[in-house]
Amino acid sequence: MRFAYFAAGLVLFTLGSYGASAFEIEGTRVYPAPNSTVTLKIISTADINVFEPIILEFQRENPTISIDYVIASSTELMKALHEENAEFDLAISSAMDLQTKLANDGYAQTYSSTATAYLPDWAKWRNQIFAFTQEPAVVVISDAAFQGIDPPNNREELISLLRENPERFEQRIGTYDVRASGAGYLFATQDSRNSDSYWRLTEVMGRLNARLYRSSGDMINDVSSGELALAYNVVGSYAMSRLPDYPGIRIILFDDYVNVMLRTALIPQNARHPVESGILIDFLAQLSLRPELTELTSLPPIDTAHLRENSAARPIRLGPGLLVFLDKLKKENFLQNWVSSMEQE
Amino acid sequence: MTTPFANSSIRRRLVIQLSLIAAILSLTFYLIVRFVAEQAAIDTQDNILAASATSIADALYSERGEVNLELPYSALSMLGSISEDRVFYRVIVDGETLTGYTDLPEPTPLPIPSNAVFSTFDYRGEEVRSVAVARTVSSSGQAVNTTIIVAQTRLGLEAISSSISTTAAFVGVGFFIFLTTLSLLSAQSALSPLRRMTQSIKRRGPHDLSPVKTQLPSELVPLVAALNKFMARLHASLTESEAFVAEAAHRIRTPLTIVRTQAEVVLRKLEKPEDKKALRKMIRAVDESSRSAGQLLDHAMVTFRIENLLTAKLDLGEITRDTCEHLSPTAGLKDINLIVRIPDEPLPIAGDSILLQNALRNILDNAIKYSPADSDIHVTIEKSDHYEVSFTDQGRGFGKADLKSLTKRFSRGDNASDIVGSGLGLTIADEVARAHKGRVHIRSNTEGPGACVSLILPRV
């Protein structure tokens with residue numbers, strides 16, 4: 001059945017700008033529905049292979065909705081909606097701060113339903129932003145590199161470990177380049193808020209000439225190939241999905257605190273099909289009722305009970321607090337500090 | 001001229017007026033609570049806005065000759081802690097926007113340091129509350145004026161005020177119901193003396209015209225005084241008419257006796273049978289009138305004595321025997337046998353002997369009158385928890401007449417038209433019985449024809 005959709009589907013992959021727009025996209029794929037009456041345009045930061053099972057299952061239940069899935073970085077997504085008023089029916093992003101800014105500045109529609117009412121309060125804001133996954137920022141280590149040493153359980157232990165074994169970790173630590181990655185910036189700013197140790201950790205990593213990445217996927221690749229001994233602040237869901245394919249890596253959840261990023265969806269103000277977008281938001285809000293999709297996508301659905309199992313887990317709070325690190329001066333200052341810590345030589 | 005609501009009940013008027021007052025109080029209460037609570041909610045938002053703006057102002061610093069800002073996380077997150085409102089801010093240094101929303105309007109007049117300016121306006125499609133705070137930052141030895149504006153939409157405020165309004169409305173309605181219930185109760189209790197007075201007047205006997213002496217609130221005293229005066233007047237007028245009737249009866253009876261005696265004399269002298277028949281008719285009419293006058297006189301006397309009832313210790317057996325003896329000649333005229341069966345023991349009773357004799361005489365007189373010649377009349381006294389003096393005759397009984405109405409004045413059985421009578425006999429007996437807390441019981445004779453009339457009197 002699923003195969004039939006694939007075969008019938010016009011699969012289109014393009015790179016570069018989307019139409020005549022100025023914002024950059026990374027790819028697009030169309031999923032035509034068998035009895036299509038509307039085409040839902042989604043702009044998303046999630047990789048297509050991560051999100052595809054959700055789209056296919058959604059279309060199985062709603063066979064009249066075609067989906068035009070556009071992939072863009074969180075910065076480009078923001079640019080598309082905030083500056084260029086591009087027309088999309090749904091925006092899905094892991095950059096909670098940018099989604100918050102879109103809603104705060106009036107670029108999102110209000111939507112509510114029984115399904116969204118069941119979402120916990122921390123998983124929605126203003127009935128405009130709806131979280132559908134809770135993804136912890138984790139540390140991924142290479143088993144081979146940690147032979148004979150106990151892996152660190154928290155940031156203090158990591159700092160000590162790195163300070164005591166500079167030769168072992170020189171150029172073998174990976175983390176996000178916060179200048180290039182929205183998720184990286186979000187994790188770093190939350191780290192700086194949560195603990196003073198963050199800046200010390202950054203300095204230690206800088207001294208070891210840590211390597212900087214734009215995506216979690218690349219970090220996981222390099223850990224499994226043995227190039228990296230440890231990757232800090234990797235999106236947990238990506239790591240989980242790669243785990244079976246890369247036997248040599250291990251995921252560590254720190255016990256001091258774990259930032260939990262929420263992947264969120266919003267209906268842009270100029271959406272053409274807000275009703276269908278609402279149906280998709282309901283579908284996403286109820287992902288916890290579909291364990292088979294969690295299995296396929298490795299996207300952990302919103303689940304308060306599961307979150308409580310780990311007392312160190314801290315879901316990043318949606319709300320105006322997230323606007324602070326988007327402040328022009330604040331961001332400049334933060335990046336300046338970060339760069340000077342990371343690039344000491 | 002009619003007064004409006006002249007007919008509506010005092011109770012209803014009281015309740016309506018008190019309910020109106022309750023409604024006004026409840027509404028006032030609701031409005032005050034709402035106003036105070038909303039003001040408190042506005043003040044809360046203003047305070048948080050001011051705290052946010054102040055914390056931003058405190059984070060301003062000067063670096064290499066330029067004013068810089070380290071926007072504190074709490075400055076915005078504190079605004080998100082109580083509601084999900086949109087937040088906007090703008091920092092202006094020397095007229096230039098340093099950071100924030102460049103289109104967020106500056107207030108007029110601009111704030112002066114230590115004095116925040118609050119305003120409400122529409123921004124980006126929604127109403128916002130904004131605060132502007134001024135701060136002077138020293139940069140390279142020069143004082144630089146900065147303005148910090150923080151604005152927030154009022155979604156949370158509306159939610160709070162609508163929830164307060166709902167609560168206040170519920171409390172107001174509850175207050176109203178409570179007050180109305182209280183007003184019902186107080187109307188009830190205010191009117192209870194009136195009800196008591198009505199009851200005490202209702203309970204009185206039909207001839208009781210004595211003054212009302214119930215304990216009453218001062219407001220009712222004039223009304224009762226007026227009522228008592230009225231009753232006194234009525235009493236006087238009744239007494240007067242009774243006296244008039246008695247006087248009239250007395251004056252009629254005496255000449256009637258003379259007329260009768262003369263008629264008897266004339267009758268003996270007449271020879272023509274038709275003349276005799278006519279004269280007999282006349283004598284019969286005179287008898288009827290004389291008897292009626294006698295009974296009217298009796299009735300007036302009974303009424304007077306009942307009003308001023310004298311109670312003495314009497315023996316019912318003795319009184320009954322006296323009455324029977326007194327009337328035995330009349331019975332003898334018709335060959336009626338009076339069979340008296342009275343227990344041979346004292347039958348003490350408290351009462352007025354003249355009244356009791358009168359009552360017994362009237363009953364026995366009736367029995368004799370309606371008995372056929374050569375019959376028996378049984379006179380018995382039975383003693384249980386009360387006395388029952390019964391007169392059982394073998395006469396025609398009461399036919400189909402309503403037994404209860406027979407004790408009314410001038411009421412006679414529907415089969416009694418051929419016999420001289422006024423219809424006052426049983427009335428007198430009944431009034432006497434009632435005055436002595438007893439009653440007259442009338443029934444048909446259970447053994448054979450005739451009637452049985454009993455005077456039932458309480459024992460001492």
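This is a predicted model: local features need pLDDT of at least 70, side-chain atom pairs count only at pLDDT 80 or more; totals for chains, interfaces and linings use all residues.
Q: Which three residues supply 35% of the area that domain 2 of chain B buries against domain 3 of chain B?
A: Look on the domain 2 side, which runs over 204-308 in the domain assignment. One trio there supplies more of the buried area than any other three residues. They are Arg291(B), His299(B) and Arg305(B).

Q: Which residue does Arg305(B) form a salt bridge with?
A: Across the interface of domain 2 and domain 3 of chain B, the rule finds two salt bridges. In the one formed by Arg305(B), the closest N and O atoms are 2.7 Å apart. That's within the 4 Å cut-off for a salt bridge, and the partner is Asp352(B).

Q: How many salt bridges does the rule find across the interface of domain 1 of chain A and domain 2 of chain A?
A: Over in chain A, the domains are domain 1 (2-134 + 261-320) and domain 2 (137-259 + 324-342). They bury about 1600 Å² between them, 60% of it on carbon and sulfur atoms. For salt bridges across this interface, though, the count is zero.

Q: How are helix 8 of chain A and helix 15 of chain A oriented to each other, and why?
A: The axes of helix 8 (residues 182-194) and helix 15 (residues 328-342) come within 12 Å and cross at roughly 85 degrees. Angles of 65 to 115 degrees count as roughly perpendicular. So helix 8 of chain A and helix 15 of chain A are roughly perpendicular to each other.

Q: Which residues of helix 15 of chain A make the contact with helix 8 of chain A?
A: By class, this contact has four nonpolar, two polar and one charged residues. Helix 8 brings Tyr185(A), Ala188(A), Thr189(A) and Ser192(A). Helix 15 brings Lys331(A), Phe334(A) and Leu335(A).

Q: Which residue of chain B forms a salt bridge with Lys330(A)?
A: Now for the two chains together: the area buried between chain A and chain B is about 2000 Å², and the contact takes 24 residues from chain A and 26 residues from chain B. The count between the chains is two salt bridges. In the one with Lys330(A), the closest N and O atoms are 3.0 Å apart, and the partner is Glu70(B).

Technical notes. Residues are numbered from 1 along each chain as its sequence is written. Chains are lettered from A and ligands numbered from 1 in the order in which they are written. Side-chain values use heavy atoms; hydrogens and water are left out. Axes are lines fitted to C-alpha atoms, for helices over the stretch in contact, and angles run from 0 to 180 degrees between N-to-C directions. Helices (H or I, at least four residues) and strands (E, at least two) are DSSP runs, numbered from the N terminus. Angles under 35 degrees count as roughly parallel, over 145 as roughly antiparallel, 65 to 115 as roughly perpendicular and the rest as oblique. Contact means heavy atoms within 4.5 Å. Ala, Val, Leu, Ile, Met, Phe, Trp, Tyr, Cys and Pro count as nonpolar, Asp, Glu, Lys and Arg as charged, and the others, Gly among them, as polar. Domain bounds come from an automatic or database domain assignment. Buried area is the accessible area (1.4 Å probe) that two parts lose on being put together, summed over both. A salt bridge is a side-chain nitrogen of Lys or Arg within 4 Å of a carboxyl oxygen of Asp or Glu.
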